[in-house]
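Dear colleague,

Please find below the structure that I am handing over to you.

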Amino acid sequence: MSFLKRIYRWIDVRIGAGELVEKELTGYLLPRNINVWYSMGSILLVIFTIQVATGILLLVYYVPDADKAFHSITFIMNNVPFGWLIRLCHAVGSNMMVLILFCHMLSVLFMGSYKSPRELNWLSGFTLFLLVLALSLTGYLLPWSQLSFWATTVATNSVGAIPYVGGFLVEFLRGGKLVGPATLGRFFALHVVLIPSTIAAVIGAHLFFLQRTGVSTPPFGLDDSKNRWQGEGYRYESHPGGIPFFPNYVLQDMTSIAVYFAFFLGVIFFAPHVFFPADAFVPANPFQTPDHIKPEWYFLANYQTLKIFPSEFLGLAVQGAVTAFLALLPFIDRGAEKHPLKRPLFMVCAVGGILLYLALMIWGHYS
Amino acid sequence: MNIRQLTCRCLPLLLTLLFQAVSVAAQNRPVCLQCHESQTGRGGAVVKPWQGSVHAENGIGCQNCHGGDPNDPVNAMDPSRGFLGVPGETAIPSFCGRCHVGIRDEYLQSAHGRALGRGGPTCVTCHGSHDVKRATLSIINEKNCARCHAYAPAAELKNAMVQTEKRIETIDERLKVYKGEGVDTEAREKALFSTRNRYHRLFHEVDTAKVTGESAQIDAELDKIQQDFGRINAERQKRKIIGAGAVSGAFLAALFFHLLRKTYD
């Protein structure tokens, strides 16, 4: 018996590693018609891990002080060995995380994987989506550049449109009447500790729900693509005769992750400034408002919605209603059919919603 | 003190107090802006030009020139807080010269400076007071110069400086591009600022031979900055080569995992 096998046996007899591998990896069967969209979750886990790792490395040199933050980022980008790479990985990675999250959620929507009994999977996923947006918003301020300062000013201002408590909320978010050193302190604490730890906890819950409900069967390539669960009792959706998670689907995950890395590294090395307008490299100046301050691409539709309604409150209310509708979708859409082409109302709403979102985004960019 | 003087002195103070009472929303803005923005006439007319000036661009606020306390609405214009107010005509060169020391000395030695108080131009005659723009050769033009004397001698001087001016402008543009891409340009900007100042001191000269000699030295300084640009570009090229390897590696890994999966299928 080789030395490695002896170590494995030593561990196996103590914690039952072999049984665990059989249950969770080689014996964990997935639907035979599983597709590439199911690997989005794994890509997101990798991105989140990279964000945490690069975030910790950035913390070594970043100084969360309004007088020093911008210079510390400049120092990281120009003087720290590989600092530019770490910072770009973190900044580009945050955009990628939102992009892949969109893909993940859209695939769940179109494949009807949010339908019962997976309401909790959807709710935890939707919560993660909102938390990632909050993480991006709070991280945006930390470089203390003109862009981050004024984008945060605009973003926090919009909260003021909420009746009665709007003013209080703006002040609470900013730690004062205006965006300033107190805002930086708050956003730093939220970005570095509170939101990431909450995300980690909700990821745990999301994976737990996935583990308990089992992987949903994609509706494609089946004669019957209806959801058969009637709420009669707890049921784990098993896939007898399916493909093993390890090695088959792990290799699909690895393929998707490698393709993601090719795209991600392509942006970092060849188009690093696609997410950085020139104002991102000018220190924050409260006395000089830049001409065209725009939020990040994923907030452009929200930004434009606030502008097209006669009052900001109405814009906020519409956004709140859309968010609530999406969060509660599994409770609203109770139909059994999962195949998108057999759900005409869903298709009209989903495709219309995506087109409207893209139109608002483009309008927001050019407005 | 007559009523007009009393009004002139007290009105800003009263407006400041009123502004403080009705609005605390702008607590982090200097009180100078809070008050002057709400004024009409001369008092309010200075804000917008300053906001578009090279001074505002570089964080030079009201108090940096006029003194006073920008955080205390009540005592902002108190001389005991260093408030200087508006300088008289002959005091303007020393007012601006607190920062622009070299240029002040050059100016005072020049024909312009020697005519100070006797109808000669002060700094603000050519550069403006609040809407101060980054000085370029375009300031030397017939419209400006012919207000006091013939344009020909000024044009001769301008011709001797045109090439250096172009180089400074090109380097400045390149620095802006690098800055917009996250390159730490602070040291190079300072070097260019110093070189540009040295060059601008020549604006006040009338000796063409001296201007030509100085221009050669300034060119040598500009060469150093441009050599730095070469280093930045070489580093970027190196990164792109590494990036091409990394992207190719990721694609190859994807292909490998895909083919390996096929063997299991």
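Domain bounds, as used here, come from an automatic or database domain assignment. Please note also that the model is a predicted one.

For chain B, that assignment gives domain 1 (1-86), domain 2 (89-131) and domain 3 (161-265). Between the C-alpha centres of domain 2 of chain B and domain 3 of chain B there is a distance of 35 Å. Seven residues from domain 2 of chain B and six residues from domain 3 of chain B take part in the contact.

On the side of domain 2 of chain B that touches domain 3 of chain B, helix H8 (101-109) and helix H9 (111-114) of chain B each supply at least two residues. The largest share of this side, four residues, is provided by H8(B). By class, the side of domain 2 of chain B that touches domain 3 of chain B consists of three nonpolar, three polar and one charged residues.

In chain A, a pair of helices deserves mention. Two packed helices are described by the angle between their axes and the distance between the axes. For helix H6 (residues 119-141) of chain A and helix H9 (residues 181-213) of chain A, the axes come within 9 Å and cross at roughly 160°. Angles over 145 degrees count as roughly antiparallel, and H6(A) and H9(A) are therefore roughly antiparallel to each other. The crossing in which H6(A) passes H9(A) is left-handed. In the contact of H6(A) with H9(A), 17 residues are nonpolar and eleven are polar, while no charged residues are found.

With kind regards

How values were computed
Residues are numbered from 1 along each chain as its sequence is written. Chains are lettered from A and ligands numbered from 1 in the order in which they are written. This is a predicted model: local features need pLDDT of at least 70, side-chain atom pairs count only at pLDDT 80 or more; totals for chains, interfaces and linings use all residues. Two residues are in contact if their C-beta atoms, placed from the backbone, lie within 7 Å. Ala, Val, Leu, Ile, Met, Phe, Trp, Tyr, Cys and Pro count as nonpolar, Asp, Glu, Lys and Arg as charged, and the others, Gly among them, as polar. Axes are lines fitted to C-alpha atoms, for helices over the stretch in contact, and angles run from 0 to 180 degrees between N-to-C directions. Angles under 35 degrees count as roughly parallel, over 145 as roughly antiparallel, 65 to 115 as roughly perpendicular and the rest as oblique. A crossing is left-handed if the near helix is turned anticlockwise from the far one by less than a right angle, and right-handed if clockwise.
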